[in-house]
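Please open the structure in your viewer and keep the selection tool at hand.

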Amino acid sequence: MDQIASNKPQPAAGQAERVIRHTALDRLYHWLMAICVLILMATAFLPILGIKFEWLDIHWITGVVLAALIVIHIIRALFFQDWRNMWIGLRDLREMRRDLARLFGSRIEPPKPGKYDASQKLYHLGVAVVVLSVVCSGLLMLLKIDTPLWRRNPYLFSADTWGVIYVIHGMAAMTIVAIVIIHLYFTLMPNSWYMLRAMVRGWISREEYTKHYDATRWKA
Amino acid sequence: MEFFRYSRSIYGGSDQLIGASWDLLPWFVGAAVVFIVVHAVLNALAKHRVNQSS
């Protein structure tokens, strides 16, 4: 028995002091999504800003990749992960009110969150709505171009309907620009560097876990 | 400032909606910058209050 125990791989020094926050697959999804969004933003807005290049093929192919990533993410979140981590409940709304009150002068310390705090959940919901809007409208817009996989059929919708689809796509795309800027701000704030490290390397320290999270709400 | 883009038919008739106006892009960027500045100021004030009380 001792023999078996001694053959068991032991954690490296300091390893036990780490708490896994994002698995490799989650990080891969996050960074692939980030790359797709940046490519889509560049191919959408640089030509509008006067930098002309052949953007359409890069744009639609990246859009299809993003759509596939989102489908995989939804399946994983619903069936293989705990989707309740991102669910916004009444408790989250109360905590969000306390967070806001603290920002506006209240001295009451808000309670520690679970894996994601209320504002992160709200942010995720906002991103989900906007990205799904841009992706769904974008997939419909594919009907207007010839690709190796399908022939264009612009007569599926009336001109008015196409106008609405283009408005949704454009408004959602510009909202994503604002969301990305705000996301970078929160990511680069010094007190959230540990979360950036977690999104790169996967872990936070046990000390950070104890300091920032409620162990009863995020068991790690 | 226009919110939408329209195309005018060469045969006359009403204007056709063709998308959101790209004039709005600086406003979206501006809204993000305003959000960041307001949050940074409020956050700094909140930290200042905490430091004063401790």
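Select chains A and B together and look at where they meet: the contact takes 20 residues from chain B and 21 residues from chain A. Two residues are in contact if their C-beta atoms, placed from the backbone, lie within 7 Å. This is a predicted model, in which local features need pLDDT of at least 70 and side-chain atom pairs count only at pLDDT 80 or more, while totals for chains, interfaces and linings use all residues. Residues are numbered from 1 along each chain as its sequence is written, and chains are lettered from A and ligands numbered from 1 in the order in which they are written.

Next, select β2 (16–20) and α1 (25–53) of chain B, each of which supplies at least two residues of the side that touches chain A. Helices (H or I, at least four residues) and strands (E, at least two) are DSSP runs, numbered from the N terminus. The largest share of this side, 12 residues, comes from α1(B).

Chain A has eight helices and two strands, and from the N terminus on its elements run α-β-α-α-α-α-α-α-β-α. Its radius of gyration is 22 Å, well over the 17 Å that the globule rule gives for 220 residues, so chain A is more spread out than a compact globule. The radius is taken over C-alpha atoms, and the rule is 2.2 Å times the number of residues to the power 0.38.

Which residues have the most contacts inside the largest nonpolar core? Select Leu40(A), Val134(A), Ala172(A), Ala173(A) and Ile176(A), which hold that place in a core of 14 residues. A nonpolar core is a set of buried Ala, Val, Leu, Ile, Met, Phe, Trp, Tyr and Cys residues joined through C-beta atoms within 7 Å. A residue is buried if 20 or more other C-beta atoms lie within 10 Å of its own, exposed if 12 or fewer, and partly exposed in between. The elements that give two or more residues to this core are α2 (24–48), α5 (118–141) and α6 (159–188) of chain A; α6(A) gives the largest share, five residues. Centre the view on Val134(A): leaving aside neighbours within four places in sequence, Val134(A) is in contact with His169(A), Ala172(A), Ala173(A) and Ile176(A).

Finally, select α3 (residues 56–79) of chain A, where His59(A), Gly63(A) and Leu66(A) are buried. The buried residues of α3(A) pack against α2 and α5 of chain A.
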